[in-house]
Amino acid sequence: MSAWQKVVIALVTIILVFMLVVSMVSNTRAVNIEEYKYKYHYKMLPVKQLDNATFLREYILKRLPEDAKLIHFETKIVYFNDRNTVKLNSSPSTSHRGISRYYITNLSGPYEMWGTHYIDTNEGSGPGSSTIFMLGRESIPNLFNTNTNATANVISKRVGFSVTKIYNPALKCSLSIHNSIHNNTSGAIEVYPIYDVYHYDVMYKPLIGKAYKVGKGDASKAVGIFYLKYIWK
């Protein structure tokens, strides 16, 4: 065996050992990830609950003083003009071909949800009749959540929308409050985001060996807003 052949064999051996070490480190990192507990960035509830008058009444009363009496409430949903639904398919993302070896599979949804943290609110009261207005623009971000190192770019490619996009919808709403000297009532308008939520599994492909599941997550696409209006005394 020539000296050149020995050098080549030594280099190949070093490269294979390095790849094996990297793969072992990656495996250890993934295996040690804490068991995933599903959680949204913001607490969300199904949009269908907005048709449940009993639920809405209880939701509002929890936000009012204990001795308050709820007189009236209503909701209005406004969807964005560019709303579109992600087309689901059984093929996993191929974004693991490159620097990142994480990829998304088992995509399901959408599940229409509303974020229970309002993005804007306006409240008013007084001895006479008045009108509360909700005008202006607010920012509503798309969201993603995962217990892995899968990047926003990897997730966006799979779900079909940018998980970091921010919407700035125009708000337009009003609420009339009718007061008299002996009937002092108050009113409020609250604006909440509506999302199409998708669930997915996250896979990891090491340098050597088969791909395996390392976690799961969700991606939420802002698709509209709803106004919650109520009057109490």
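Residues are called buried when their relative accessible area is under 20%, exposed when it is over 50%, and partly exposed in between (1.4 Å probe, protein chains only). The structure is a predicted model, in which local features need pLDDT of at least 70 and side-chain atom pairs count only at pLDDT 80 or more, while totals for chains, interfaces and linings use all residues. Numbering starts from 1 along each chain as its sequence is written, and side-chain values rest on heavy atoms, with hydrogens and water left out.

The mean pLDDT (the predictor's confidence in each residue, from 0 to 100) of the protein chain is 77, and 71% of its residues reach 70 or more. Over residues 16–41, pLDDT stays under 50, and the model has 37 contacts beyond four places in sequence for this stretch, a contact meaning heavy atoms within 4.5 Å. Residues 93–97 also stay under 50, with twelve such contacts. Where pLDDT is low, the predicted coordinates should not be read in detail.

Turning to the fold, the protein chain holds three helices and eleven strands, taken as DSSP runs (helices H or I, at least four residues; strands E, at least two) and numbered from the N terminus. Their order from the N terminus is α-β-α-β-β-β-β-β-β-α-β-β-β-β. Of the contacts with a separation of 6 or more, 80% are between residues 24 or more positions apart. The accessible surface, from the Shrake-Rupley method with a 1.4 Å probe, comes to about 13,700 Å², and 56% of it belongs to carbon and sulfur atoms.

Strand β3 (residues 102–115) pairs with two strands described here, pairing being counted if DSSP finds at least two bridges. Three bridges join β3 to β1 (residues 44–46) in an antiparallel arrangement, and L45 has W114 as its bridge partner. Nine bridges connect β3 with β10 (residues 186–204), again antiparallel; here I104 is partnered by V202.

Just after α3, G160 takes a positive phi of about 90 degrees.

Side chains of opposite charge can pair when their charged atoms come close. Three salt bridges are found in the whole structure, each defined by a side-chain nitrogen of Lys or Arg within 4 Å of a carboxyl oxygen of Asp or Glu. In one of them, E190 meets R63, with the closest N and O atoms 3.2 Å apart. This pair links distant parts of the chain, 127 residues apart: E190 is in β10, and R63 is in the loop between α2 (53–61) and β2 (70–79). E190 is buried at 3% relative accessibility, whereas R63 is partly exposed at 34%.

A second salt bridge joins E74 to K229, where the closest N and O atoms are 3.6 Å apart. Because E74 lies in β2 and K229 in β11, the pair ties together parts that are 155 residues apart in sequence. E74 is partly exposed, at 32% relative accessible area, while K229 is buried, at 12%.

In the remaining salt bridge, K213 and D201 meet at 3.4 Å, N to O. K213 belongs to β11 and D201 to β10, twelve residues apart. D201 is buried, with a relative accessible area of 14%.
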